[in-house]
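Dear colleague,

Please find below the structure that I am handing over to you.

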Amino acid sequence: MNKSTIGHALTAHAKTVGDIDLADIARFDRFHVAEDGMLLDYSRHWIDEEIWQLLSQYADAADLSGARALLFAGGLVNKSEGRAALHPATRGSPGGDTSQQEIIRKQQTHMAQTIEDWHGRGICQVLHIGIGGSHLGPSLVVDALAKPEMAKRCRFLTSHDAAQRARLVDDLDLKTTAVVIVSKSFTTGETIENARLVRELYQHQNLDPSSYFYAVTAVPEKAQEWGIDQGHILSILPEIGGRYSLWSSVGITAAWAIGVKAFEQLRAGARAMDQHFLSRPWDQNMPVIMALLGIWYRNFLDQRAHIIAPYHDGLRLLPPFLQQLEMESNGKRVDQFGELLNHKTVPVLLGLPGTDCQHAFFQALHQGTDVIGVDFILTKTSTRALQAHGLAQGQALMVGHKDPDPERTCPGHRPSTTLVLDDLSPHHLGRLLALYEHKTFVQGVIWGVNSFDQMGVELGKRIARDLLERLEGADQLRTDDTHDRLDGSTAGLLRYLRKPSLS
Ligand code: F6P
């Protein structure tokens with residue numbers, strides 16, 4: 001059957017999902033996978049055997065096996081930029097040719113040597129300057145795995161916010177701080193401006209920035225031109241996308257904070273998930289299962305949002321990491337050939353750690369008019385109270401509550417996934433992050449989009465450069481601009497922002 005015939009069959013099934021008895025005792029045995037200290041329970045979903053078979057066939061009709069083989073062969077999966085996506089190779093999985101793999105090995109050795117060097121030089125803090133994919137993964141790993149005293153010594157400077165800069169930089173002893181500018185492109189406005197301002201601080205204290213500053217980038221010549229010593233430049237391959245770059249030298253701050261050995265275990269965990277993704281049939285393949293469920297709800301049941309609820313404080317930075325991973329990868333409206341798609345792509349991802357999320361937006365999940373799926377992420381090592389709450393939410397969504405008072409009635413029959421990790425070790429965190437990477441990849445394949453570019457974020461950056469000039473008053477009288485006429489709303493807002501505030 002081709003994709004569209006399967007799609008029609010799925011559309012027909014979508015009309016009868018209300019009849020599926022989610023509480024059926026046999027469902028857990030059929031719809032769960034457990035492997036290597038990780039359990040995926042997908043029994044609380046609007047699927048039955050027939051729907052699941054159709055979803056699997058949908059993956060086949062999109063040639064998921066072929067696309068997966070291309071990814072791991074280092075093939076051209078990022079067509080708009082003419083590149084492979086080599087993040088699996090950065091954790092020792094297949095991908096890229098032997099010379100690329102050799103380069104990756106050398107880059108990893110350089111990272112380990114740099115960390116060794118920091119220990120020898122008495123570096124006590126790392127100021128990591130970077131944003132987006134050059135920040136979210138490393139800060140998540142530090143938060144999840146570093147001992148508190150080490151986590152405190154890692155500062156992540158991301159935005160143009162002067163208050164953020166003051167909070168993170170003012171109390172630093174610059175003499176014992178390594179400053180790492182992490183930018184694949186080495187052109188990102190926030191990063192380069194923050195780096196410049198921090199360099200000035202060093203200069204004011206008569207410290208030679210070149211001995212403290214490091215760069216991680218895919219364009220070493222730009223870093224050198226900026227003034228970074230050649231030996232302090234850690235390169236990454238252009239084929240490593242920012243949001244997939246944690247495993248490369250971009251992870252240096254995390255590797256310093258948790259130790260190179262633990263960082264290696266993180267990579268090994270991701271490698272184990274690569275192997276799982278490569279080898280398991282679809283109905284035992286965790287990333288494929290999660291991706292297909294997402295497709296089912298998004299494309300056949302019109303679900304617009306998806307929630308990530310990790311019941312472990314160490315995973316509190318997982319939601320923003322996944323927002324970039326999934327929404328920057330698959331927030332696209334044209335296919336790889338530039339043709340407009342006639343189906344929906346990525347839903348909005350939201351998340352907060354449990355139980356905080358219960359006291360924020362869960363009311364809408366239980367009684368709101370929209371049905372919104374949730375990924376509950378639990379660990380066996382979390383407190384029993386936390387586990388109980390995580391389980392309770394999934395159960396409450398599913399079974400609901402009938403009450404004479406409609407305001408107290410919870411309709412139930414609302415779907416969720418539960419993931420249980422044995423613990424939040426480097427190995428399991430690596431597996432978890434790679435699981436979501438591959439889920440994102442599978443969805444991109446089925447949606448027919450390029451998951452490895454992000455053209456949409458450029459427009460705002462370009463406009464901001466122009467508006468900054470206007471806000472700083474360089475050209476107050478201009479009424480049009482080089483790329484577009486200035487619209488009435490922006491002009492009005494600019495005028496208002498320029499006026500001094502009343503307070
Ligand atoms: O937000 C757009 C983006 O290009 C992301 O894809 C990337 O992770 C981030 O900016 C930072 O980019 P760079 O590492 O080049 O500074």
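Helices and strands in this message are DSSP runs numbered from the N terminus, a helix having at least four residues and a strand at least two. In those terms, Thr355 falls in the loop between strand E9 (348–351) and helix H16 (362–367). Please bear in mind throughout that this is a predicted model.

Backbone

The peptide bond between Gly354 and Thr355 is cis, with omega at about 0 degrees. A further point concerns Asn206, in the loop that runs between helix H9 (189–204) and helix H10 (209–212). Asn206 has a phi near 55 degrees, which is a positive value in a residue other than glycine.

The ligand and its shell

The ligand is surrounded by 13 residues, and the closest of them are Ser134, Ser183, Ser185, Thr188 and Glu328. By class, this shell consists of eight polar, three charged and two nonpolar residues. Two helices, H15 (318–330) and H19 (456–471), each contribute at least two residues to the shell.

For Ser134, the distance from a polar side-chain atom to a ligand oxygen is 2.7 Å. For Ser183, the corresponding distance is 2.6 Å. In Ser185, an N or O atom of the side chain is 2.6 Å from an oxygen atom of the ligand. The protein buries 86% of the 390 Å² that the ligand exposes when taken alone.

The largest pocket

Which space does the ligand take? It is the largest pocket. This pocket holds about 1,300 Å³ of space. Its lining comprises 45 residues, and those nearest the centre are Ser185, Thr188, Val457, Glu458 and Lys461. Helices H9, H15 and H19 are the elements that give two or more residues to this lining. The leading contributor is H19, with eight residues. H15 and H19 therefore deserve attention together, as each also supplies at least two residues of the ligand shell under the DSSP-based naming of elements.

Cavities

How many cavities of 30 Å³ or more does a search of the whole structure find? The search finds two.

The largest cavity contains about 190 Å³ of space. It is lined by 18 residues, with Met290, Leu293, Gly294, His306 and Lys439 nearest its centre. At least two lining residues come from each of helix H14 (286–300), strand E8 (305–310), strand E10 (373–379) and helix H18 (426–447). H14 gives the most to this lining, namely five residues. By class, the lining has seven nonpolar, seven polar and four charged residues.

The second largest cavity has a volume of about 40 Å³. Its lining is made up of Thr90, Ile104, Gln107, Gln108, Ser248 and Ser249. Five of these lining residues are polar and one is nonpolar, with no charged residue present.

Where to look

The cis bond between Gly354 and Thr355 and the positive phi of Asn206 may then be inspected in turn.

With kind regards

Conventions: Residues are numbered from 1 along each chain as its sequence is written. This is a predicted model: local features need pLDDT of at least 70, side-chain atom pairs count only at pLDDT 80 or more; totals for chains, interfaces and linings use all residues. Side-chain values use heavy atoms; hydrogens and water are left out. A residue is near a molecule or strand if one of its heavy atoms lies within 4 Å of it. A polar contact is a pair of N or O atoms within 3.5 Å; within protein, one must be able to donate a hydrogen and the other to accept it, and residues adjacent in sequence count only if both atoms are side-chain atoms. Accessible areas come from the Shrake-Rupley method with a 1.4 Å probe; for residues, only the protein chains shown count as cover. On a 1 Å grid over the protein atoms alone, a cavity is a set of points where a 1.4 Å probe fits but cannot get out, and a pocket is an open set with protein on both sides within 12 Å along at least five of seven lines; lining residues have an atom within 4 Å of a point. A molecule sits in a cavity or pocket if more than half of its atoms lie within 2 Å of its grid points. Ala, Val, Leu, Ile, Met, Phe, Trp, Tyr, Cys and Pro count as nonpolar, Asp, Glu, Lys and Arg as charged, and the others, Gly among them, as polar. Grid points are joined across faces, edges and corners, and a volume is the space filled by probe spheres set on the points.
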